[in-house]
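Me: Please take a close look at one part of this model and describe how it is placed. Keep the account connected, and give the cut-offs as you go.

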Amino acid sequence: MNIAIDWDAFLQVFIAAFIGASVLVSFYAMGLRLLVRAGRAPVVGPAEFTDAIAVISEKDRQRAAKAAAKAAKRSPLTDGQKKVALLGAYACFAVCAAAVLFAIGLIVLNH
């Protein structure tokens, strides 16, 4: 029994995965950054999990929401600029979703 590894194919898959992951993470980070610049910082409420090590309290959630609202008021952007930033954030998230769907399509249709 002789096992042969196609190193060229392995390298192609590695490069494609590296580039795909870099693009996905970059667009997601840019989307979050634009979302915050638009004055819509994502604040997550407290969660109840069984066997959770640390759960954010309601007081901490309110403090984070208050800080996000205060930061949104201090934003130097005009209303028009905030709308453009929000649209940019949504566009970045759409690119992320499209990349994930494209990758799933490649896996399902070409396998």
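Reply: A patch is made of residues with over 30% relative accessible area and no salt bridge, where like charges are joined within 9 Å and nonpolar side chains (Val, Leu, Ile, Met, Phe, Trp, Tyr) within 5 Å. Areas come from the Shrake-Rupley method with a 1.4 Å probe, and for residues only the protein chains shown count as cover; a salt bridge is a side-chain nitrogen of Lys or Arg within 4 Å of a carboxyl oxygen of Asp or Glu. The model is predicted: local features need pLDDT of at least 70, side-chain atom pairs count only at pLDDT 80 or more, and totals for chains, interfaces and linings use all residues. Numbering starts from 1 along each chain as its sequence is written, and side-chain values use heavy atoms, without hydrogens or water.

M1, I3, I5, W7, F10, L11, F14, I15, F18, I19 and V23 make a nonpolar surface patch of about 1300 Å². I19 belongs to helix α1, residues 7-37 (helices are DSSP runs of H or I, at least four residues; strands are E, at least two; both are numbered from the N terminus). I19 counts as partly exposed because its relative accessibility is 49% (buried is under 20%, exposed over 50%, partly exposed in between, with a 1.4 Å probe and protein chains only).

M30 also lies in α1 and is partly exposed, at 40%. Helix α3 (residues 79-109) packs against α1 at about 155°, the axes 8 Å apart (lines fitted to C-alpha atoms over the stretch in contact, with angles from 0 to 180 degrees between N-to-C directions).

The protein has three helices and zero strands, and 11% of its 111 residues are buried.
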